[in-house]
Amino acid sequence: MSVSTSRGTTDALGPDPFPGSELLAALLDGMDAALCAFDAAGTVTHWNREAERILGWSAQEAVGRTGFAGWAVRRADADEVQARLMSAMDAPGRQVHEFALLRKDGSRVLVRTQSAGVRGAEGKPAGVYCAFSEVHAQIDLERAIALSEALLEDASWGVVLVDVDLRPTVVNAYASRALGGARTTLLGRPLGEVVVHGVEELEAALHHVLAEGAPGAPAELWVTLRTAEGERRRCWRSGFLRLASPLAEEPVPLGVGWLFRDVTAAKLAQQEADRLRFRTSQLHRAARTASECEDPMAAATSLLDFALAGFADHVLLDLTAGDLRAGGLVGGDLAAGARLVRTAATPSDVPGPCLLVAGGSIPVRYGPGHPALQAVERTGSVRTSAGAGDAGGAAAAWAAERRWPGDAAHALCTVLRSRGRTLGVLTFLRAANRAAFERPDTAYAETVAARVAGAVDLARAVGAGE
């Protein structure tokens, strides 16, 4: 603790560029914590600027006083405070206490102290040093540390700290599960190694935060992850914080704090609800429009126009013709001589409405095993798509082989049934830039098919004079 001891250590290491007392004073005054020291008799020997800031007493006023009695502590509390502080001189380690000290203006402040004994050159107790801070400041610091540890361990959302090179440096348990890797294996790796699609948007958001600061609202990012089970598409609701060093005079970015939560299930449910609401609205509008059509076949094409919106790119209406009984197939099998005839369709090259085929009496040349024929045989629906590896000419050849427009990559064929008879097949087609048909799409297509079948059956009944 003595200046001479400090000088001796410095001289042993090399020339001392600073006088020992000045160096010690600079170190003490530069500390963020208030610090004072007592010799073995309890006399104040050191007092730094932070102690002066908290209590208002300058070093000139504090150094040389015996204890805190009468100036920094109420006389009624002085003996107890002095005894607890000086007890650290003979105790191992540090002792933590809380005291109510007096400021120079007479107000009181609650401080938390850490005190420890100081040994002399011979190893004998030589005094005590005491570091203290205002309790509320200490509690704020402890809360900040506790919050940081909780976020990085037990938080119910993902927390990833990313450096300025956009590489993870800290990953909590939730984030490691969401990213599909162990916490240690994710550290230092580029985000593109685990995020297959959507990494550009994520990195753009991180760059923006580093340059401009945190955005005002959370962002929803759709990404595709590479996992051991294959690729998974997820939606993360993300918030970002720019991290800056509190020790620098000017803000120096340390990286970005990225907080996110997986909201895939909620987003998919919301999308499905929106889709169902839109499709219900379209069916309602289609029914009202069809009810105003004098020609039942015009009503059928009107129904298909409404059904196409947001659902498919093309629609084909093929009706049964040939060796039929009462205007349709009684069972699901095509009888000898029975054929499917293209009756209405959308344009094959450009978007457009579903129109009746002029003079449509030529059977469609569907080969054996065609999805439309399978739908008739099964009396149900058939979904099919071009192979995942098919691209360009291969996908066009796949569509041409099935007598579909060249841009078709996904198909849904559903049978038309009315009064226990098969009247034809309805085929919906999507291009390669859209998702394949799924089970909810089949339910919607079958609902549309039931209404179209009713209109077609009415048209045949009227034409046959039933």
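In what order do the 6 strands of the open sheet run? I looked this up before anything else, in a predicted model where local features need pLDDT of at least 70, side-chain atom pairs count only at pLDDT 80 or more, and totals for chains, interfaces and linings use all residues. My numbering starts from 1 along each chain as its sequence is written, and side-chain values use heavy atoms, with hydrogens and water left out.

**Six-stranded sheet**

I read the order as β7-β6-β11-β10-β9-β8, with antiparallel pairing. Strands here are DSSP runs of E, at least two residues, and helices are runs of H or I, at least four, both numbered from the N terminus. Two strands pair if DSSP finds at least two bridges between them. I found β7 (168–171) and β8 (195–197) at the edges, each with a single partner strand, so one side of each is left without a neighbour in the sheet. From one strand to the next, the twist averages 40 degrees. For angles, I took axes as lines fitted to C-alpha atoms (for helices over the stretch in contact), and the values run from 0 to 180 degrees between N-to-C directions.

Then I checked β6 (residues 158–162) against β11 (residues 253–262): antiparallel, over 5 bridges. Gly158 has Phe260 in β11 as its bridge partner. I also saw α10 packing on this sheet, where it touches β9 (219–227), β10 (230–244) and β11, with its direction at about 115 degrees to that of β9. Contact means heavy atoms within 4.5 Å.

**α10 and α11**

Next I followed α10 (residues 264–291) to α11 (residues 296–308): their axes come within 9 Å and cross at roughly 160 degrees. I therefore logged α10 and α11 as roughly antiparallel to each other (angles over 145 degrees count as such). On the α10 side I listed Gln282, Arg285, Ala286, Ala287, Thr289 and Ala290, which meet Ala299, Ser302, Leu303 and Phe306 in α11.

**Five-stranded sheet**

Which order do the 5 strands of the other open sheet take? I got β2-β1-β5-β4-β3, again with antiparallel pairing. The edges are β2 (44–47) and β3 (95–102), each with a single partner strand, so one side of each is left without a neighbour in the sheet. Here I noted a twist that averages 30 degrees from one strand to the next.

Inside this sheet, 6 bridges join β1 (residues 34–39) to β5 (residues 125–134), and the two run antiparallel. I found Cys36 opposite Cys130 in β5. Last, I looked at α5 (residues 75–86), which lies across β1, β3, β4 (108–119) and β5 and runs at about 150 degrees to β3.

Note on methods. Parallel < 35°, antiparallel > 145°, perpendicular 65-115°, else oblique.
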